[in-house]
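Student: I have a protein model open on my screen and I would like to learn how to read it. Could you walk me through it step by step?

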Amino acid sequence: MDVRETKGLILFNRDYREDDKLVKIFTEMSGKRMFFVKHASRSALNPVIQPLVVADFILRINDNGLSYIVDYKKVTHYSKITADLFRLAYASYILALADAAIEDNVQDPNLFVFLKKVLDLMEEGLDYEILTNIFEVQILDRFGVLLNFHNCCVCHRAGLPFDFSYRYSGVLCPKHYDRDEHRTHIDSNVLYLLDCFQQVPIDDVRTISLKPEMKAKIRQFLDSLYDDYVGIHLKSKKFIDDLETWGDIMKTQRD
Ligand SMILES: [Zn+2]
């Protein structure tokens, strides 16, 4: 076994036998791994193995079996996220998405840093729907999905009122709409924004503000892209969809 110190983010924990737990940690230096915590409820580790906790961990890594948490320091909690049902639902979804996007035990420090940055900005109070959309767009390549929102797939011109083509896995300009009779007829502003989301340095999110109708259109289109290209169905995403429905029902009752 190999003892390493690395920053880590708790993805989830689950019961294992009597009072033991398995804890999934996304570590900056050693990828996502499962750790075994004996007598979890009585363990000094209990407060730091909850989802969304970040800490500097000292870990005993076993490549052929369970790994162990030796010690930890500098614990950070996302208290504003966990105090708000909606914010928490979105944060849980991006954790699940990161978990689904890469294999266990494979180092991906860039994804770790990006995920942590998105959570930091959610904690700061920035728009969690836009942050989630940016995360969803930028993580597509981890699923092996490369979509071109930037320039026409036929003539490569940029900055036009594009439509999206599943046949080309990218956008078509008005001159080349006819290359795909099943083009999606999506609002070209949605594609313009997805192009921005794909390229935007995450710190620039502060400058983005969108109307609810535009957010709904983006949500719907990203759902179809994920259905067609990624094909995963996460419980945490279903929960967000249900929350939206409940939100609408509550609004209708108030009106
Ligand atoms: Zn074209």
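Student: What should I know before I start?

Tutor: This is a predicted model, where local features need pLDDT of at least 70, side-chain atom pairs count only at pLDDT 80 or more, and totals for chains, interfaces and linings use all residues. Residues are numbered from 1 along each chain as its sequence is written.

Student: How many helices and strands does the chain have?

Tutor: Helices (H or I, at least four residues) and strands (E, at least two) are DSSP runs, numbered from the N terminus. Here the chain has seven helices and seven strands. Read from the N terminus, their order is β-β-β-β-β-α-α-α-α-β-β-α-α-α. Along its principal axes, the C-alpha trace spans about 65 × 50 × 35 Å.

Student: Which part of the chain does UniProt list as a domain?

Tutor: An unreviewed UniProt entry lists residues 1–73 as "domain: DNA replication/recombination mediator RecO N-terminal". UniProt positions are given in the numbering used here, feature names are shortened, and annotations may be inferred rather than shown by experiment. Over residues 1–73 the model is 0% helix and 62% strand, with the end C-alpha atoms 21 Å apart.

Student: How do I read a sheet, and in what order do the strands stand in this one?

Tutor: Strands of a sheet pair through backbone hydrogen bonds, either parallel or antiparallel. Two strands count as paired if DSSP finds at least two bridges between them. In this model, five strands make an open sheet in the order β3-β2-β1-β4-β5, with antiparallel pairing. The edges are β3 and β5 (68–77), each with a single partner strand, so one side of each has no neighbour in the sheet. On average, neighbouring strands of this sheet are turned by 40° against each other, direction ignored.

Student: What joins β2 to β3?

Tutor: Seven bridges link strand β2 (residues 20–27) to β3, and the two run antiparallel. They form a hairpin with three residues between them.

Student: Is β3 (residues 31–37) mostly covered or mostly open?

Tutor: Let us start with the rule: a residue is buried if 20 or more other C-beta atoms lie within 10 Å of its own, exposed if 12 or fewer, and partly exposed in between, with C-beta atoms placed from the backbone. Strand β3 is mostly covered, as five of its seven residues are buried. For the chain of 255 residues, the buried share is 28%.

Student: What is the phi of Arg17?

Tutor: Most residues other than glycine have a negative phi, and most peptide bonds are trans. Arg17 is not a glycine, yet its phi is positive, about 55°. Arg17 sits in the loop between β1 (2–16) and β2. It counts as exposed because it has 8 C-beta neighbours inside 10 Å. His39 also has a positive phi, about 45°, although it is not a glycine. You will find His39 in the loop between β3 and β4 (53–61), and His39 is exposed, with 12 other C-beta atoms within 10 Å.

Student: Now the helices. At what angle do α2 and α3 pack?

Tutor: Two packed helices are described by the angle between their axes and the distance between the axes. Axes are lines fitted to C-alpha atoms, for helices over the stretch in contact, and angles run from 0 to 180 degrees between N-to-C directions. Helix α2 (residues 85–101) packs with α3 at about 175°, their axes 11 Å apart. That makes α2 roughly antiparallel to α3 (angles under 35 degrees count as roughly parallel, over 145 as roughly antiparallel, 65 to 115 as roughly perpendicular and the rest as oblique).

Student: Which residues make that contact?

Tutor: Two residues are in contact if their C-beta atoms, placed from the backbone, lie within 7 Å. From α2 come Arg87, Tyr90, Ala91, Ile94 and Ala98, and from α3 come Leu111, Leu115, Val118, Leu119 and Met122.

Student: And where does Thr82 lie?

Tutor: Thr82 lies in helix α1 (residues 79–82). With 17 C-beta neighbours inside 10 Å, Thr82 counts as partly exposed. Leaving out residues up to four places away in sequence, Thr82 touches Leu52 and Leu88.
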